[in-house]
Amino acid sequence: MRTRFESIGAYTPSTIRSTEDVINALSVPRALDLERITGIKNRRVHNSDPENYESSFVLAQRAIENCLESSGYAAADLDVIISVSITRFTAPGQYCFAPSFAAQLGAAIGAGKALHFDLSNACAGMITGVLVLDRMIKAGVVRRGLVVSGEQITPIAETATREISQPYDPQFAALTVGDAAVAVVVDDRGDDDDEIHYIELMTTSAGAEHCIGMPSDQTTGIAMYTDNRALASESRFLQGISRMADFLFETGRAWESEKYDYWIHHQFSGPAIDYISSLTERHFDTPMPQALNIYADYGNTASTSHFLVLREHLAQGRIPRGSKVLLIPEASGVVSGHLAATISRLEA
């Protein structure tokens, strides 16, 4: 059984907020050169007007609609819907845990008969969802399904701008985020031109000091606290590189023989991505594939980042048919891994 990406969709809000605006809102703006540290110039922010509110749910639904526009399947054809959003806003100030986002989204798009469930794995959520769906298809449980994430995550940045009072703060990473949604359909019609070759994820305890939740003053919204030094440590990145080297060896592959055309990292920091690339090149002693990035314009869009990069570059005609793309997750928890796929159908 061979799987493939059958279609992809995305939605990003129209409101743009610059890094300069974010920093100027801090009580210590001159102490942080966020744009230099991360390479992020702008990010998209949801519409907060109650009449046109872009909740996590609304963002996800719009991404699904965009995905199905280019799909050969209608919503009713889907066997399963998997929602992987970190954030679960359904209205201003309303955070929903039940019923599942997947069930609500299925009902909203007319896929009420599909299996449905939510899962959350930090910024590796979309790749985790695709892994689960890939395994379900190969096990013969379903033939096609959809993985979706709507991230209305900029409220953590709003909390951070109010509470950060010193140059180093556990909420620093929250200043990088932007809102976005993505959706992909995966089915059982893979072939030489379109195939998900492999997906592997690994979770370790190193640098796992991370959480999203209510800040001390629960009237101020949600916050993200992260041990930034642990998350950006060389040892953490080397663990993921070493695990991929082991996987390639164990499956009779080599980095050079895989001939990746492009690779996509989690969009949390341009310099960090460059650093990971240099470590990987040093480990495998070979040049790395071309990196695809959008962090300068969209920032860190949490679980949606890899597929938003893919969707944006496909829309701009920058990925030729038959390209082999490698997605590398970097998620708090700590989650690392890889997803390799050859894509042609998505160009259409």
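Helix H3 is mostly covered, with 10 of its 14 residues buried (buried means under 20% relative accessible area, exposed over 50%, and partly exposed in between, with a 1.4 Å probe and protein chains only). The model is a predicted one, in which local features need pLDDT of at least 70 and side-chain atom pairs count only at pLDDT 80 or more, while totals for chains, interfaces and linings use all residues. Residues are numbered from 1 along each chain as its sequence is written, and side-chain values use heavy atoms, with hydrogens and water left out.

Helices (H or I, at least four residues) and strands (E, at least two) are DSSP runs, numbered from the N terminus. The buried residues of H3 include Phe57, Leu59, Ile64 and Leu68. Among the elements that cover the buried residues of H3 are strand E1 (4-11), helix H4 (101-109), strand E8 (144-151), strand E9 (180-187) and helix H12 (305-315). The 14 residues of H3 (residues 56-69) should span 20 Å at 1.5 Å a residue, and the end C-alpha atoms are 20 Å apart, which agrees; the expected span is 1.5 Å times one less than the number of residues.

Strand E1 is itself largely enclosed by the rest of the structure, because seven of its eight residues are buried. E1 belongs to an open sheet of five strands in the order E1-E9-E8-E4-E7, with mixed pairing (two strands pair if DSSP finds at least two bridges between them). E1 and strand E7 (115-118) stand at the edges with a single partner strand each, so one side of each is left without a neighbour in the sheet. On average, neighbouring strands of this sheet are turned by 15 degrees against each other, direction ignored. Axes are lines fitted to C-alpha atoms, for helices over the stretch in contact, and angles run from 0 to 180 degrees between N-to-C directions.

Strands of a sheet pair through backbone hydrogen bonds, either parallel or antiparallel. The pairing of E1 with E9 is antiparallel and covers seven bridges; within it, isoleucine 8 has valine 184 of E9 as its bridge partner. E8 and E9 also run antiparallel, joined by eight bridges. Helix H5 (residues 125-138) lies across E1, strand E4 (80-83), E7, E8 and E9, and runs at about 170 degrees to E8. H12 packs on the sheet as well, touching E1 and E9, and its direction makes about 90 degrees with that of E1. Contact here means heavy atoms within 4.5 Å.

The whole structure holds 15 salt bridges, each defined as a side-chain nitrogen of Lys or Arg within 4 Å of a carboxyl oxygen of Asp or Glu. One of them joins the side chains of glutamate 195 and arginine 2 at 2.9 Å, N to O. Glutamate 195 lies in strand E10 (residues 195-203) and arginine 2 in the segment before E1, so this pair ties together parts that are 193 residues apart in sequence. Glutamate 195 counts as buried at 17% relative accessibility, whereas arginine 2 is partly exposed at 31%.

A further salt bridge joins glutamate 6 and arginine 345 at 3.2 Å, N to O. Glutamate 6 lies in strand E1 and arginine 345 in the segment after strand E17 (335-343), so the parts tied together are 339 residues apart in sequence. Glutamate 6 is buried, with a relative accessible area of 2%, and arginine 345 is partly exposed, with 23%. Asp134, Arg135, Lys138 and Glu200 are linked in a network of salt bridges.
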